[in-house]
Amino acid sequence: MIALLILLLAAGQVAPLDSGVPALAPPPAPPGAVRAFDTPNDAGKSINVRWSAADKLAETWLVERTEPDSVKVIASNKPGEMSYLDEDVRDGIPYAYRVAAVTAADTVWSEPSPAVTSSPQFFNLSRINILIAMAIFFVLVIYYIETAKKGKNLFVRRIAGLDAVEEAVGRATEMGKPIVYVPGLGSVADIATIASLNILGEVAKKTAQYDSALLVPNRDPIVYTVAREIVKESYTKAGRPDAFKPDSVFFVTSEQFAFAAAVDGLMVREKPATNFFLGMFWAESLVLAETGAQTGAIQIAGTDSVFQLPFFITACDYTLIGEELYAASAYLSREPLLLGSLKGQDYGKMVILLTLVIGSALLLLSRLPALGFFSHVLGFFSTR
Amino acid sequence: MKFFEYLLKIDRRIIYIVMGVLVIIPLVKPLGLGVSSGPRAKTLFDAVDSIPAGKTLLLSVDFDPSSMPELYPMLAALMRHAFAKDVKVLLCGLWVTGAGLADKAVTEIPPEYGKKYGDDVVYLGWKAGIDAVILGMGENIRNVFPTDYYGHPLESLAMMQSVQRLRDIPMAVAISAGTPGYTDWLNFAQSRYGLKLGAGVTAVSAADAYPYLQTGQLTGLLAGMKGGAEYEVLIQKNEYSKAYMPAVAAMDSQSLAHVVILLLVIIGNVAYFATRKRGA
Amino acid sequence: MKRTIPLAIVLIMGITMMVQFFVPHPVSVGFYDLTTKWIRIVGAFALVLGTGSFIMFHSDKVRRRRQGWYYSIVSLIALVVTAVIGLGWGIRPGSILQNVIYASVLVPLNATMFAILAFYMASAAYRAFRARTREAALLLVAAFVVMLGMVPVGAAIWGKLPELAEWVLSVPNMAAKRAIIFGVALGGIATSLKVILGIERGWLGGGKQ
Amino acid sequence: MHVSTDILTWTAVILTLGIFSFLWKDNPFYKFCEHLFVGVSLGYFISLTWYNAVYPDLFRPLFVQPLSEVSLGNKLLLIIPLLLGLCYFCRFIPRVSWLVRFPMAFVLGWGAGVTIPAVFQTSIIKQMQGTFLTPGIFARWDVFLWAIVSFVGVICSVFYFFFSREHKGALKLASETGIVFLMVGFGASFGYTVMARMSLLIGRFQFLLRDWLGMIR
């Protein structure tokens, strides 16, 4: 209503009500390029309205929506905001939008935009980059698992910590002292625990051959049962089923620090030649590594917990860092499933590195005038 | 060399006593070493400061009592900052053991600024199912939290009328001691709903947050007790709060403790290499 | 039957949730909301599993009078008393569960359990942290810089130390952490993929069928 | 200095000293506190899970709310997660213990299906976007230098974890540089872990000195 009154005043050149009003400012130009489109990649029921300011005079923008049975002003925006997301619309109904530039004296409406209907989309185009990345990686992992299954020999490089295993078991036999192998505090579902149990099998084979004592304290009841099976199997495979002592693999307790204290007591009493700490560890890693270092044993540790690795690296002689632990179990067990997925991940990393290098080169080249379009490379990697 | 051998054989309980005494002294008699202010804390402070009055700051309490000394001062400082700016505060949590801490903050801090529960501050409580909770809140907060922690239906709370889902919230700060924590808010809220996200973390997980700061996914970071102390100093300097600053008081002990650890490592290595060269 | 159906469920749920990520259609969003509610419910029942094995472990220890069995009685009583108070008088603030059990029992025990680690840190720093190898030496130097740079006393020793600590954190540390994030992410994705495709069957818990 | 007389503070103090006593020697007082801790935390978790998840999401809509509030269709739908959840109980019945695989399959499948795209989005695509060298690095000499150093650091650190070829020649140089970056990264984590543990210890002493002995403000 007020808008109408102002219009009359301006149009009718009626003397202004109060003479204090300065000469009427020129009416603002109508907003240009009013565009309304269905919001892409969404669940429908939302329309995007965009417009541009023809001049700087407008103090607020009024957005009006016309639908088959009603006309309503649905928003008033500050000068800077030249877009509006209309989310109380129903799919399939045509809507038209008009935008007005409003100043103290005038309200000037733009041309109505062509009718538009909102609708949900079935595929979110902005996530195409994630789909491509997933596809590449899945192909790599599955391909290498299949080749591994066909028995093709897949090379895995030697890992520093593993050379020490041979030497460590030999040293234990010379000194006639036991080896303590802690398969971590994790459960069977943790990748690090599975990797550690695979390595335990190989270490057990060696202790069988060299006939040196092996002690395996456990914190998780299920890991304990699996570990005992693995050691028993390794002793039979090494042709020394009689040498296997069932109580050499034992369950201690499930409480974290009680377990650490018990293993410390074991290490101080038995004075082992070599300690293995391979698997999932938490804050108690410090307690184990420190006491082990005190007893003078060679210590080989390995975990994928980034928080505990610093303590193992400084307190132990050899440390398998994160993925080296998984690679070690694949290397030792030669199990096709582990080898295949390890190779898949390796080449997945290479794809990432290659993309990073090529992408960076293109982006840097995009500074040259002719190759400006390369800058879209960065856009391709944006995520919404 | 006898001396070094003796050094190596020291009983660890002596080290414990030395450590304990050196940490307690500054608490009882502060040394006044002061607190330096880092850029990360300032970025978060400026972001929270720019929230218009009447809008809502979301604080996710994702830590438990064992990380209270590092993270509770941050929660308190952020709430004081918001209340001083008449910004409403909405709390929720992904850790079951964090529920009690959020409740403690909601009962103790609002009265300092005369803020009323329901109008200026609401605590939604804790819910299991990490990504389910965040994504649920993105679509509609009522799906995940039909009632708040105290059992009031959300419709009955004045403040909740203007807050239906994450898009209505300009900024959130995830105060997390690990997982679930700020990485989940990154995965499921920041990128999906474009929510501006700050983080308050324990010192141990601070180093891992840097990549997310560099990509701009995180707007500012408070790291450990030092981060809490920095924020406390910032809100005090801007007269947003005159309350006691626990984190700042503890920084002197922290400094001394670090020096002790470094000296122990140095002495230990000197003794180790001295005996090893002779003994090798 | 006992293996194929669970493997089928894992495959179907995995694939549908991956596809759902790319479909913004309301049906897909609705499906997502529904399944997230179910996950929360099923997750709560998993807790029952944990409680069951806890009770069996400790009551077995008491029945067999194994070494330290009286401590297991303490655990069982603590569980029953806390659960009864919690379920009976509610978890609202001011309830016995929150004011008494949470604030004066759970908080001190939990916090102190971590606080004693600071003492272990001190004794390990003295007795175990050696610059044995080139890598360990590098690690200790970086640790020195960060530890001193992060506290006011560091700035007192050398003005530029906080700046150097900030550089260590935002350049080398950030590069290393990013490389680790790529590795861990691919590792996690590969494992999740093997679970969905039924290649990784550890979770089935072995067994003959 | 006035010692607090509140029974609850004293309980907390006794339990705190109980756990600290483990530093001197493993003793019955410590064992009591530890077993108490395990029992109480499980009981607490059960109570919260019931009131925050099981009751509002399952029990109330299924059994308490009348048909007017929750339609029959929705009630029947809720039967599915209920049955799945009940399968967890079968773990203790030997003959049907394989039934526990159904809820596990549902949770594992859903989790894997949700995690894979989310991890690709945040940990791979987004991190790659942050690692690219963009024209912006030419802004200042130090920005340029550190951008190159970081970029090389990421590439070499990833090469350290490359297992498909022996580390010889160029690959050896790359993995050697990579290990330097990794060690500095672990040094930073080490420094922060020390800081974290010290803060916790200081927090406990603040509790003892302030709430118990009233020696500090």
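How far apart do the end C-alpha atoms of residues 351-374 of chain A lie, and what percentage of the span is helix? The distance is 19 Å, and the span is 62% helix and 0% strand. This is a predicted model.

**Chain A: annotated spans and domains**

The UniProt annotation "transmembrane region", from an unreviewed entry, covers residues 128-145 and 351-374 of chain A. The table sets out the two spans.

| Span of chain A | Distance between end C-alpha atoms | Helix | Strand |
|---|---|---|---|
| Residues 128-145 | 26 Å | 100% helix | 0% strand |
| Residues 351-374 | 19 Å | 62% helix | 0% strand |

Chain A is also divided into domains. The domain assignment gives domain 1 (23-109), domain 2 (125-145 + 339-380) and domain 3 (154-334). Between domain 1 of chain A and domain 2 of chain A, the C-alpha centres are 41 Å apart.

**Where chain C meets chain D**

Now turn to the contact between chains C and D. Chain C brings 101 residues to this contact, and chain D brings 94 residues. On the side of chain C that touches chain D, the elements giving two or more residues are α1 (4-22), α2 (26-63), α3 (69-89), α4 (96-127), α5 (134-149), α7 (161-170) and α8 (172-196) of chain C. The largest share of this side comes from α4(C), with 21 residues. By type, the side of chain C that touches chain D holds 75 nonpolar, 20 polar and six charged residues.

**A look at α8(C)**

One of those contributing elements is α8 (172-196) of chain C. Is α8(C) largely enclosed or open? Of its 25 residues, 23 are buried, so α8(C) is largely enclosed by the rest of the structure. At 1.5 Å a residue, the 25 residues of α8(C) should span 36 Å. The end C-alpha atoms of α8(C) are 36 Å apart, which agrees. Just after this helix, G198(C) takes a positive phi of about 80°.

**Where chain D meets chain B**

Chain D also touches chain B. Here the contact takes 35 residues from chain D and 41 residues from chain B. Four helices of chain D each supply at least two residues of the side that touches chain B: α1 (7-24), α2 (28-64), α4 (101-131) and α6 (170-212). Which of them gives the most? That is α6(D), with 16 residues. The side of chain D that touches chain B divides into 21 nonpolar, 12 polar and two charged residues.

Methods
Residues numbered from 1 in each chain as written. Chains lettered and ligands numbered in written order. Predicted model: local features only at pLDDT ≥ 70, side-chain atom pairs only at ≥ 80, totals over all residues. Contact = placed C-beta atoms within 7 Å. Nonpolar A, V, L, I, M, F, W, Y, C, P; charged D, E, K, R; others polar. Domains from an automatic or database assignment. Expected span 1.5 Å × (residues − 1). Buried ≥ 20, exposed ≤ 12 C-beta atoms within 10 Å, placed from the backbone. UniProt positions renumbered as here; feature names shortened; annotations may be inferred.
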